[in-house]
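Dear colleague,

I am passing on the structure below, together with some notes on what turned up when I went through it. Please read the notes beside the model and tell me where you would look further.

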Amino acid sequence: MVAMYSLGCVAAIPFVPVVVDKIGRRYPILLGGVISITGGILQGSALNFAMFIVARFILGFANVFCVVSASSLIGELSHPRERAVMGSLFNTSCDFGAVAAAGVILRTFAMPNNWGWRIPSFLQALPSLLQVSFIWFLPESPRWLVSKGRGNEARAILVKYHAEGDENSEFVEAEYTQIVQTLEAELKIARISRKQAFSTPGMRKRIIVASFLGLFTQWSGVGLISNYLPLILDNIGIHDNRTKNTISFVKYSWGLVCATAIALIVPQYPRRRIYLACTISVFAVFTAWTIASTGYLLAHSKVSAQAVLALIFLYGPAYQLGFTALTYTYLVELFPFHVRARGITIFQLWTRGAAFFNQFVNPIGIEAAGWKWYIIYCVWNAFQVVFVYLMFPETSGRTLEELAFLYEGDQEAFSHGGIDILRERGQFETYGTMEENPRRTSRVEQG
């Protein structure tokens, strides 16, 4: 039942990048919202188990449309100074939903009738209803508009949101010029061949990083806590359902506070450094958790049980430091515009596939091996540290257009596209440099 949501996500993946690139960043959010509302109503109205399962599949199918398009829109629309924080807060909003869900379940799980599960099911449609209602007030991605030849609309959005309406802003002029020039080169490559667009060494490295990042977000142990916390609590002697639901609610509330604080602070620091701190912290906390679980199994020590519970709460900020706060910020920075939707979709393929795998294997592993099952995660978490150190590039401190040249091979690829952007960029100051000197962002301020 849990796995059907992830299966729905995987099923949507072939369609999402095509739709997001074709109709823009806004309308796929609307499409995903409408499908989510349908799934929530269907699940709440389920007359049998099959109907409930189909509803879970529909909800997962809708999720990928919303996530890929929304993360792209936030990254491409945000002011450069705010882009990283906005991307981090986007992923943190998941914790807000988790707190709301845990709070509702805490109040409804003991209901003696079907409304104990129908109420949470129907309430799943509420966030999507808000999306459908307010999406009309959001502007489209200026980069997508430029890619469709609607440069005047794109420039008007940049003036309104990046220069507070100042038509003479030099910052907007530099930003718009760099967007246009870089997209000309990117789209020329994309028109040559989709396969060729992904065939450069730099693009292959991006795909490898995004794929493993997808695995890391699910195989670092978070799936155990989010989906199988009751089984974990059973293994340390906590069997009362109300106690379990209370712990779940408190844990998600703690996670929301930590994730929000981390999202506001972490984007100021280099991405590689934060991901290394995250993976090392996750490895240390999960290893300690495994040792404490062993202590409880061998001696049924109350102290060991309390240590496991404390480490579950410590795991949250360790994981959120990188995998919650930076994931979509990093993906938007990692992929150039012409493959951004496809790149984030590749990440979704691996993260949803890993979640689907986990949801079948984890309950079997926990019941059959107990604490020994955690050793596999300890080994994987150690591998994550090594992979991040060797493979993750640094993306902070540069504009999205500058990040199109993240790898050395990108210059050659763009030259083959017919425009040597690196040479052209030398003829004017990039808006990323101008952002560092706000006194130069508009002629009005200079005057």
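The lining of the largest cavity divides into 2 nonpolar, 4 polar and 1 charged residues, where Ala, Val, Leu, Ile, Met, Phe, Trp, Tyr, Cys and Pro count as nonpolar, Asp, Glu, Lys and Arg as charged, and the others, Gly among them, as polar. The lining residues are Ser71, Gly75, Arg83, Gly87, Tyr328, Thr329 and Val332. Two or more of them come from each of helix 4 (49-77), helix 5 (83-108) and helix 17 (327-334), and helix 17 gives the largest share, 3 residues. The volume of this cavity is about 50 Å³, and the count of cavities of 30 Å³ or more comes to 3. A cavity here is a set of points, on a 1 Å grid over the protein atoms alone, where a 1.4 Å probe fits but cannot get out, and lining residues have an atom within 4 Å of a point; grid points are joined across faces, edges and corners, and a volume is the space filled by probe spheres set on the points.

This is a predicted model, in which local features need pLDDT of at least 70 and side-chain atom pairs count only at pLDDT 80 or more, while totals for chains, interfaces and linings use all residues. Residues are numbered from 1 along each chain as its sequence is written, and side-chain values use heavy atoms, with hydrogens and water left out.

The chain has 23 helices and 0 strands, both taken as DSSP runs numbered from the N terminus (helices H or I, at least four residues; strands E, at least two). Of its 447 residues, 56% count as buried, which means under 20% relative accessible area, with exposed being over 50% and partly exposed in between (1.4 Å probe, protein chains only).

Leaving aside residues up to four places away in sequence, Phe392 touches Val209, Leu213, Phe216, Arg272, Tyr275, Tyr330 and Phe387, a contact being heavy atoms within 4.5 Å.

Val104, which lies in helix 5, is partly exposed because its relative accessibility is 23%. With residues up to four places away in sequence not counted, Val104 touches Ile119, Pro120 and Leu123.

With best regards

Terms used:
On a 1 Å grid over the protein atoms alone, a cavity is a set of points where a 1.4 Å probe fits but cannot get out, and a pocket is an open set with protein on both sides within 12 Å along at least five of seven lines; lining residues have an atom within 4 Å of a point.
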